[in-house]
Amino acid sequence: MHTSELTPAVLKELRRPRPYPAVSLLMPTHRARPERDQDFIRLRNLLSEARKRLREDPQVERDARLELEGKLSEETFRDFEDIVYAGDGLLLLVSPGEELRTWQLTTPVEVPTRIVFSDTYLTRSLVSARLHARPYYVLVLDQEMCRLWIGEGERLTEVEDHGFPAPPQIPDPEDAVPGPLYGRSPSAIRDERLRQYMSDVDERLSRALDAQPLPLFVVGGVEVLSRFDATSRHASRPAGRVELAGQDTDSGPKLSERLVPARDKWAGELVRQDMAALDDARSAKRFAGGLPEVWTMVAERRVSLLLVEENFAAVGHIDEAGGLHLREVPEETEPPLDVEVGLAAETDIVDTLIETALDGDAQVRFVPDGTLAEDGGVAAVVRY
């Protein structure tokens, strides 16, 4: 059983053609009880249904069927019950002659249940999770300790580099006064020491931003935020601000929970910026809308920004000349969008669209369903 980081190279390898059937199993998982306790039962049922379909599919040769049935057996997962507790979704990928791959998905978007047999793996949920997990910094300001975290989606990891965590410097003995470092009563000395501390923290933050220029969220009490704003070279940079004191001792999960409203607001602002970019592109005649037109621009590597609705799906294939051929999307079954396809078709052509756009150095982002209703669920800004 294998997992790895989703890099462009790994994504490309996952999307290469494979002997039929390349099996993709996708299911939602849960972080809280009681739903979480049912996830392994759901996984067992999904494996049972996949084995049943392997037996019933006339395109699956006997040796391949026996191999895949063994890899998708409950026995394989007996010691891996914890894999369904790691996030919001689970993706299993396996094909004849290859090791079973498992991916835990962390995403704010609802993960569907799907069983797909095709000649390539289903990677859309992986890409969606990666794009939703835009990295960002969280700077926690406090008079007793300032900390820096790096986030991907809801997951926060404390930074222990660039001078963080950053405690206040002990004053020279000649300047020391009884009591806490800054004292509790307003004074010129206290104000100056707080200013110096925020200036020092800002220097450390600059080193982190130089190494990795990410969006920045700032968390702190009103007084320390005010002093930071007056001192920092990055006061106008924050993607969001949270006025809460005493968060320097918060754990990553607790801090992440407090950031939810600020992150949601930031995500909404990014969607508004993307839609504004589409409006500008329409005016400049650098806009493409609808899957056929967008595919042509993507195939010609002319797309700079590709926007796709979260659950936009299309069934079809790309011919040898690079032409797009679409098929009617069937009514949803259980699992949803489980389509019988031959080797010339793909269950979700949007996978190929996204991969090709990324190969062409385009930015790809998912937007809420209905955002691109007038454009057929997909739109792009083209370079020329």
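This is a predicted model: local features need pLDDT of at least 70, side-chain atom pairs count only at pLDDT 80 or more; totals for chains, interfaces and linings use all residues.
A salt bridge here is a side-chain nitrogen of Lys or Arg within 4 Å of a carboxyl oxygen of Asp or Glu. Keep that cut-off in mind.

Glutamate 56 is exposed, at 52% relative accessibility. Lysine 52 is partly exposed, at 35%.

Helix H2 spans residues 39–56 and holds another such pair, arginine 42 and aspartate 39, 3 residues apart and again about one helical turn from each other. Their closest N and O atoms are 2.8 Å apart. Is aspartate 39 buried or exposed? Buried, with a relative accessible area of 0%. Arginine 42 is partly exposed, at 34%.

Next, a link between helices. Glutamate 69 forms a salt bridge with arginine 55, and the closest N and O atoms are 3.3 Å apart. Glutamate 69 belongs to helix H3, residues 62–71, and arginine 55 to helix H2, so this pair ties together parts 14 residues apart in sequence. Glutamate 69 is buried, with a relative accessible area of 14%.

How many salt bridges does a search of the whole structure find? The count is 25. Some are joined up: Glu13, Arg16, Arg18, Glu98 and Arg101 form a network.

Now a sheet. Four strands make an open sheet, ordered E10-E15-E11-E14, with mixed pairing. At its edges are strand E10, 287–289, and strand E14, 363–367, each pairing on one side only. On average, neighbouring strands are turned by 15° against each other, ignoring direction.

Look at E11, residues 303–309. E11 and E14 run parallel, joined by 5 bridges. Leucine 306 has valine 364 in E14 as its bridge partner. Helix H4, residues 124–132, lies across E11 and E14, at about 95° to E14.

Finally, the whole chain. The protein chain has 9 helices and 15 strands. Of its 384 residues, 49% are buried. The accessible surface is about 19100 Å², and carbon and sulfur atoms account for 49% of that area. What share of contacts between residues at least 6 apart in sequence joins residues at least 24 apart? That share is 70%.

Definitions and conventions: Residues are numbered from 1 along each chain as its sequence is written. Side-chain values use heavy atoms; hydrogens and water are left out. Two strands pair if DSSP finds at least two bridges between them. Helices (H or I, at least four residues) and strands (E, at least two) are DSSP runs, numbered from the N terminus. Axes are lines fitted to C-alpha atoms, for helices over the stretch in contact, and angles run from 0 to 180 degrees between N-to-C directions. Contact means heavy atoms within 4.5 Å. Buried means under 20% relative accessible area, exposed over 50%, partly exposed in between (1.4 Å probe, protein chains only). Accessible areas come from the Shrake-Rupley method with a 1.4 Å probe; for residues, only the protein chains shown count as cover.
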